[in-house]
Amino acid sequence: MKKKIRGTINRPRLCVFRSNKHIYAQIIDDTNKKIITSSSTLEKIIREKIKTPYNCNAARSIGKNIAQKSKALGIKEIVFDRQNKIYHGRIQALAEAVRKEGIKF
């Protein structure tokens with residue numbers, strides 16, 4: 001049985017979902033059941049920066065974007081939710097980009 005990952009107001013959850021073509025990241029406050037901010041490869045700003053939406057470079061762009069948005073909202077610490085995916089490839093690239101921007105896990 002796996003432990004449920006929960007985010008709070010002080011330390012929200014960064015939920016990462018990846019499909020075959022795109023990657024999505026959301027900062028979620030589970031106590032109030034609200035999505036604080038989100039970013040994905042479907043956003044126009046991100047699509048202009050990347051060539052393909054399904055590689056590690058796209059994941060790094062999403063990580064950088066979500067980290068900048070969360071820092072603007074005053075979020076410095078998060079709980080990382082990779083949704084039972086292995087920490088490898090695009091998931092790892094996104095997480096490292098978030099850490100590089102100064103967000104603590």
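Trainee: Leaving aside its neighbours within four places in sequence, which residues is Gly63 in contact with?

Mentor: Keep in mind that this is a predicted model. Gly63 is in contact with Leu94, Ala97 and Val98. Gly63 itself has its place in helix α2, residues 56–72.

Trainee: Is Gly63 buried or exposed?

Mentor: Gly63 has a relative accessible area of 0%, so it is buried, since buried means under 20%. Also, Ser39 is 24 residues from Gly63 in sequence, with 8.4 Å between their C-alpha atoms.

Trainee: Now salt bridges. How many does the structure hold?

Mentor: The idea first: side chains of opposite charge can pair when their charged atoms come close. Here there are four salt bridges. In one of them, Arg13 meets Asp30 at 2.9 Å, N to O. Arg13 lies in strand β1 and Asp30 in the loop between β2 and β3, so the pair ties together parts 17 residues apart in sequence.

Trainee: Are Arg13 and Asp30 buried or exposed?

Mentor: Arg13 counts as buried at 13% relative accessibility, and Asp30 is buried too, at 9%.

Trainee: Where do Lys69 and Glu43 lie?

Mentor: They form a salt bridge, with the closest N and O atoms 3.4 Å apart. Lys69 lies in helix α2 and Glu43 in the loop between β3 and α1, so this pair ties together parts 26 residues apart in sequence.

Trainee: And the aromatics: which residues do ring pairs link into a cluster?

Mentor: In general, a ring pair is described by the distance of the centres and the angle of the planes. This structure holds three aromatic pairs, and ring pairs link Phe80, Tyr87 and Phe105 into a cluster. Arg99 lies over the face of Phe105, 4.2 Å from the ring centre.

Definitions and conventions:
Residues are numbered from 1 along each chain as its sequence is written. This is a predicted model: local features need pLDDT of at least 70, side-chain atom pairs count only at pLDDT 80 or more; totals for chains, interfaces and linings use all residues. Side-chain values use heavy atoms; hydrogens and water are left out. Helices (H or I, at least four residues) and strands (E, at least two) are DSSP runs, numbered from the N terminus. Buried means under 20% relative accessible area, exposed over 50%, partly exposed in between (1.4 Å probe, protein chains only). Contact means heavy atoms within 4.5 Å. Rings of Phe, Tyr and Trp (its six-membered ring) pair if their centres lie within 6.5 Å; planes under 30 degrees apart count as stacked, over 60 as edge-to-face and the rest as tilted. A charge sits over a ring if NZ of Lys or CZ of Arg is within 6 Å of the ring centre and within 35 degrees of the ring normal. A salt bridge is a side-chain nitrogen of Lys or Arg within 4 Å of a carboxyl oxygen of Asp or Glu.
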